[in-house]
Amino acid sequence: MQWETVIGLEIHTQLATQSKIFSGASIAYGAEPNAQACIVDLGFPGVLPVLNEAAVDMALKFGLSINAEIGERSIFARKNYFYPDLPKGYQISQFELPIVGKGSLTIDREDGSQKVIGITRAHLEEDAGKSLHEDFHGMSGIDLNRAGTPLLEIVSEPDMRSIKEAVAYARKIHQLVVYLGICDGNMQEGSFRVDANLSIRPKGEEALGTRTELKNINSFRFLERALNYELERQIDLVESGGQVVQETRLYDADKDETRSMRSKEEANDYRYFPDPDLLPVEIDSARLESIRQGMPELPDEKRSRFASEYGLSAEDAGKLTLSRPLADYYESTVAAGAEPKMSANWVTVELGGALNKTGLELSESPISPEQLGGLLKRIADNTISGKIAKQVFEAIWSGEGDADSIIEARGLKQITDTGAIEAIIDKVIADNPKQVEQFKGGKEKLLGFFVGQVMKATQGKANPGEVNKILLGKLKD
Amino acid sequence: MSLDRSDVEKIAHLARMEMDESQIDAYAKDLSNILGLVEALEAADTDHVEPMAHPLHMAQRLRPDRVSEGDHREENQAIAPNVEAGLYLVPKVIE
Amino acid sequence: MQNQTIAELGAGLRAGEFSSVELTQHFLQRIERLDGELNSLVTVTAEAALAAAEAADRQLETGESSPLMGIPIIQKDIFCTRGVKTSCGSRMLDNFISPYDATVTQRLLQAGAVSLGKANMDEFAMGSSNETSYYGPVKNPWDTSRVPGGSSGGSAAAVAARLAVAATGTDTGGSIRQPAALCGITGLKPTYGRVSRFGMIAFASSLDQAGPMTHSAEDAALLLQTMAGFDEKDSTSANEPVPDYSEGLNDSLQGLRIGLPKEYFGEGLDPAVAASIESAIDVYRELGAEVKEISLPNSGLAVPTYYVVAPAECSSNLSRFDGVRFGYRCDNPRDLEDLYKRSRGEGFGPEVKRRIMIGTYALSAGYYDAYYLKAQKTRHLISDDFKQAFAEVDVIMGPTAPTTAFGLGEKVDDPVTMYLNDIYTIATNLAGLPGMSLPVEPANGLPVGLQIIGDYFAEAKLLNVAHRFQQETDWHKLTPEGFA
């Protein structure tokens with residue numbers, strides 16, 4: 001039987017605010033346990049929530065970026081359940097009238113085609129704390145620092161039909177929220193967590209199969225692996241006559257398997273109702289307009305602009321706009337006077353390679369875009385060759401200064417004096433009569449040999465184009 | 001609407017409250033009586049009435065995003081039933 | 001000394017006739033001598049009170065003019081008080097020493113009021129007789145075999161017995177007005193949002209409101225002046241200017257339009273109470289008011305609506321009491337579920353459990369629409385009744401409670417009968433309107449309260465209407481025998 005995979009994702013993005021969604025406690029990562037849990041986060045008697053403006057604005061920013069329906073009113077609701085990491089016995093979330101309604105996002109598929117993925121809604125809610133399972137005399141320890149951290153939960157339609165599409169969608173959301181500056185995207189620290197709903201159905205069938213929910217996946221690699229495992233598990237189960245049970249399953253990265261979380265399964269009745277401590281949020285058009293004005297250029301817009309404005313291939317434009325810092329780096333390089341296509345090449349290949357090798361982030365790059373631009377200008381104006389430029393690049397990387405001073409100090413300036421080059425070529429031709437004979441006999445590959453000899457004699461400083469031209473002229477005489 | 005023992009047990013579990021076996025019947029009776037009182041609502045015609053969650057027609061006020069709370073862990077945990085290393089201790093959480 | 005108004009005591013303090021320390025000692029001694037029988041206080045903070053009185057005396061010497069400076073009051077034990085046990089009348093919080101002050105507490109302390117202690121109350125403010133308190137029932141100073149009303153029964157009894165000049169209370173369905181009526185004092189429940197709820201332990205968030213409990217409207221105006229006002233820590237706090245509540249107390253009532261809802265004078269109302277109310281209305285007629293009958297047709301829905309909305313909110317509000325971070329925790333929990341179930345099962349009393357269960361049920365899957373959503377709609381109907389009424393009249397008057405104080409133990413085993421005590425007070429909470437109770441001619445030898453309901457933020461009008469009555473009558477000056 002041919003099976004079709006159906007996947008929907010719920011992505012929890014931690015919003016990059018300073019303070020919590022309903023209290024003035026800090027959300028900085030890594031504080032001492034419970035040192036950032038104030039009486040509001042701890043759910044002490046009589047305390048009350050007050051909504052953080054930045055969290056609202058960030059949610060609206062996201063809504064605008066996916067062209068979502070944004071209502072004039074949005075309501076907070078309580079989701080009631082008991083769990084030690086949930087101090088009040090309810091989570092303040094949204095149920096009816098979420099802040100962001102229906103929207104969509106376009107992903108690129110592997111074959112180069114595009115697909116629109118529906119986004120059902122995105123709502124604001126508070127995060128829970130953490131249970132630490134190290135043994136405290138047979139007990140668990142509860143750290144509530146994370147309790148009250150603002151989250152935007154982005155819920156997709158079950159529109160993805162392959163694991164690749166699901167991963168592409170998750171990456172695209174990640175890219176978008178980081179671009180928008182509403183999430184730091186740090187998956188290790190839990191700033192971006194994915195829950196995946198997966199079901200299978202016979203190809204051609206319309207009705208959806210029973211889904212399972214995979215919880216708390218915190219890397220794209222794990223997402224792919226968890227979905228692969230779960231897909232195979234479901235197919236095996238159904239093909240051997242079994243039935244998929246609707247349940248929540250946890251992906252165990254160490255064992256590379258998913259397993260049922262029965263403890264969370266027992267008949268949850270969340271008893272949602274509007275939180276009487278919070279009033280309806282009214283979104284007026286002035287607020288939306290001012291957020292719209294402050295929107296950064298989005299990845300897709302940037303990519304098409306890069307292609308048209310800089311004449312880049314779709315692939316290069318895509319690579320360079322993967323992240324906002326990279327795109328900014330590229331544009332600063334071009335702004336420093338470098339040729340756009342050459343810049344694309346150098347930023348992705350040379351700089352990308354060097355960063356990769358040293359394990360540095362772009363923000364830690366020892367070479368500034370201005371320095372790189374300065375170097376590339378010297379290639380364009382024939383001061384140095386591409387090959388020499390790589391030497392200069394390394395020198396800038398190790399802190400020896402910028403391109404011009406290095407070229408000067410090391411005497412790397414290209415020989416552009418045609419007379420001087422001609423003299424050297426004449427000598428090379430005179431010294432290698434045998435090769436000249438063979439070349440003239442039709443072995444044209446030997447041109448490289450002559451170029452190499454000339455470069456060697458000039459320590460690479462001769463302009464390769466010029467050398468080629470003169471050599472050919474002389475050899476073909 | 002009348003509640004029986006199993007309803008009471010189910011509700012008490014949802015609300016995480018232990019119920020003494022001997023009290024369940026009394027709760028079933030009291031809760032049924034209260035629901036009997038509430039039944040008067042059924043007769044009200046509310047077909048075209050909007051639900052009212054709040055007495056005042058105000059909008060939610062937004063707080064500037066500023067860290068205003070410092071570390072009061074010591075004070076807050078001074079009254080906690082069981083803490084160690086800054087953590088609240090509870091019987092093992094099984095996931 | 002205990003029979004003077006806040007203004008009179010303030011004048012005495014400023015004139016140096018007595019000090020705040022002397023005044024405080026006087027009341028502490030009365031508490032010592034008289035509260036054993038009443039049980040109106042859960043905690044007496046004598047030392048802190050005397051220290052505050054000393055500070056107030058120093059302030060008074062500098063010519064400080066805050067009207068509450070040095071005045072001894074009592075706080076209902078629902079307001080968090082830093083460093084002091086804040087029990088909310090529950091075993092659950094018997095060990096809760098609050099690390100913070102409620103906004104109301106903070107404002108009163110800042111104004112120089114001297115807090116003598118914390119008043120007994122129905123557990124988590126759930127009750128109409130003060131019999132659900134973990135600390136035992138409070139007795140009515142007019143007849144100690146009778147209840148003082150609830151949930152602010154301790155505050156009402158303490159003020160009636162002159163154990164403090166004034167007290168704070170909270171009102172979710174009548175919890176200020178009904179005990180004020182049953183104890184013969186003046187109580188005001190402000191418009192929802194007028195007084196901050198921060199640090200006031202929540203029962204039903206969309207209904208709870210704090211207010212003053214005093215001998216007179218004049219005193220209530222002074223207390224409310226300090227309690228009211230916008231609080232950025234409470235999202236439901238109204239950002240409305242606070243008028244000067246004392247300024248218009250003496251305004252003429254000539255032409256005041258009073259509406260008497262016919263539904264508040266029907267079956268169930270004790271005829272003796274009705275007669276007292278009628279004679280109070282006559283006083284208003286003499287003061288030049290126009291009295292007319294009005295109708296609040298959905299009055300019958302108020303109690304049923306309330307017993308869905310309030311329990312639903314409370315079931316969620318009280319989930320935080322789980323034995324993990326503060327409050328009661330059961331011994332040796334076997335596992336997590338046992339920790340929750342026994343801590344909550346042992347920490348809450350029966351009335352609280354009943355309401356949590358009703359609320360849990362009303363919100364649960366399959367019942368939400370029939371109960372919670374329906375009640376939100378009937379709440380709207382009730383609110384609209386008032387809107388229409390206030391198009392025709394300035395204030396609404398009627399009885400605060402259907403009967404005078406009933407006997408201890410008389411209704412405690414029958415929740416539904418108990419609930420019907422609040423039949424006249426609940427609708428104002430559902431609508432969010434301000435309401436007041438003031439003592440009128442006693443009936444059956446016991447106090448009777450006249451309820452005055454005003455439009456949103458019309459507290460100044462209510463105080464004016466009540467004050468003019470108290471200028472004409474002395475009912476508010478009656479003192480229970482043995483507490484003079």
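Colleague: In S3(B), what is the bridge partner of B:Val83?

Modeller: That's B:Tyr88. Before we go on, this is a predicted model, where local features need pLDDT of at least 70, side-chain atom pairs count only at pLDDT 80 or more, and totals for chains, interfaces and linings use all residues. Residues are numbered from 1 along each chain as its sequence is written, chains are lettered from A and ligands numbered from 1 in the order written, and side-chain values use heavy atoms, without hydrogens and water.

Colleague: How do you know that S2(B) and strand S3 (residues 87–91) of chain B pair?

Modeller: Two strands (DSSP runs of E, at least two residues) pair if DSSP finds at least two bridges between them. S2(B) and S3(B) have two bridges, in the antiparallel sense, so they pass the rule.

Colleague: Which strands join them in the open sheet, and in what order?

Modeller: The order is S8(A)-S9(A)-S3(B)-S2(B), with antiparallel pairing. At the edges stand strand S8 (130–136) of chain A and strand S2 (83–84) of chain B; each has a single partner strand, so one side of each has no neighbour in the sheet.

Colleague: What does A:Glu32 touch, leaving aside its neighbours within four places in sequence?

Modeller: A:Glu32 is in contact (heavy atoms within 4.5 Å) with A:Asn145 and B:Arg73.

Colleague: Over to chain C. How much area do domain 1 and domain 2 of chain C bury between them?

Modeller: The assignment, automatic or from a database, gives domain 1 (6–256 + 392–477) and domain 2 (300–378). Buried area is the accessible area (1.4 Å probe) two parts lose on being put together, summed over both; here that's about 2,300 Å², 69% of it on carbon and sulfur atoms. On the domain 1 side, C:Met92, C:Met126 and C:Tyr419 supply 30% of the area buried against domain 2 of chain C, more than any other three residues.

Colleague: How many salt bridges does the rule find across that interface of chain C?

Modeller: Zero between domain 1 and domain 2 of chain C. The rule wants a side-chain nitrogen of Lys or Arg within 4 Å of a carboxyl oxygen of Asp or Glu.

Note on methods: Helices (H or I, at least four residues) and strands (E, at least two) are DSSP runs, numbered from the N terminus.
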